[in-house]
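Here is a short report for a reader new to this structure.

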Amino acid sequence: MNIVQPSAPPLSPELIARFRNIVGDKYAVTDAAEIAPYLTEERDLFHGRSPLVLRPGSTAEVSAICKLAAESGIALVPQGGNTGLVGGQTPHNGEVVVSMRRMDKIRDIDTASNTMTCEAGVVLQVAQQRAAAVDRLFPLSLGAEGSCTIGGNLSTNAGGTTALAYGVAREMALGLEVVLADGRILNGLSKLKKDNTGYDLRNLFIGAEGTLGIITAATLKLFPKPRAVETAFVGLESPAQALKLLSISQNEAAGTLTSFELLSDIAVDFSVRHGIDVRDPLAAKHPWYVLMELSSPRDDARATLESILAQGLDEAIVDDAVIAANLSQRAAFWKLRDEMSAAQKPEGGSIKHDISVPV
């Protein structure tokens, strides 16, 4: 059975003018050519339509937009960096797009409480860099970090490659500022590590994809910056062998094992075939690979990683492995991983999913 989605009601010139007055002429986009980039996504599989893209520059403007939309019965679709691959940020039925990219200020960095308060449009990579500048780590990391935004990361509860050690986006946020559908502002930008008061409203909005309100800012957790980071690319026979290696790694490295990515041979082949300056770090092909990383506050990560791999080789779990010799080689390992989504596009159709299963 085909389900026909209702179209959004047409916007009158008068209503467009009222929205325009909120954000200013420059930031109310009605030209079809200028709207076009907001209607499609990376894989060009979803094509939306919208009469209006609003680009607010403050929480007050987002509040006014939501209030007017609620009063007028106008549907909104919030959008961050537009890096999603499943169409959640696409105005499928003619909704008004609320792009959060202009709200890109970092309001506060507090090294005493190890927190950073960012607006929703801050690009993830910028947040990482600003944390590093004060000798801290914001650990959320994913392939689209150069263009995805903090608001989108939280709205989709992004996982990323460090979830093993630091958890997903939900675990990295202490507080949120959210504009509700009727325009009310929920100010919950708490820095408290211990807060046992009342309802946990924050977690209603994280992962809700903008359906309950628009995240406009967040207080994020920062962590000590690692003194030593070591990365290895490992070839092995099966996921079962990878699980054995994971067990050894967790026992040996304890909390310093920050990433452990299981990669199939076909995914690696696609990255090598279609990525720019991407190559397989190992001389021979393997059915499965593991990209693993240790991040330690001490200078013992290299010895620990070597010990893990030596044990894996002794127990015939690891078939081959290479440890990154420098920062550029480490970056090359991660580039192979980060290119995997884009490398699938020229191969034809692919199904995007984010499935969690027990170890």
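## Terms and source

Buried means under 20% relative accessible area, exposed means over 50%, and partly exposed lies in between (1.4 Å probe, protein chains only). This is a predicted model: local features need pLDDT of at least 70, side-chain atom pairs count only at pLDDT 80 or more, and totals for chains, interfaces and linings use all residues. Residues are numbered from 1 along each chain as its sequence is written, and side-chain values use heavy atoms, without hydrogens and water.

## Leu-204

Leu-204 has 48% relative accessibility, so it counts as partly exposed. Leu-204 sits in helix H7 (residues 202–205). Helices (H or I, at least four residues) and strands (E, at least two) are DSSP runs, numbered from the N terminus.

## Helix H4

Helix H4 spans residues 124–133, and its buried residues are Leu-124, Ala-127, Gln-128 and Ala-131. Seen down the H4 axis, they fall within an arc of 100 degrees, so they line one face of the helix. The arc is taken from the directions from the helix axis to the C-beta atoms.

These buried residues pack against strand S6 (115–119), strand S7 (136–137) and helix H5 (150–155). Contact means heavy atoms within 4.5 Å. After H4 comes Asp-135, with a positive phi near 65 degrees.

## Nonpolar cores

A nonpolar core is a set of buried Ala, Val, Leu, Ile, Met, Phe, Trp, Tyr and Cys residues joined through side-chain atoms within 4.5 Å. The largest has 27 residues. Strand S8 (173–180) is one of its suppliers, and S8 gives the most, with 4 residues.
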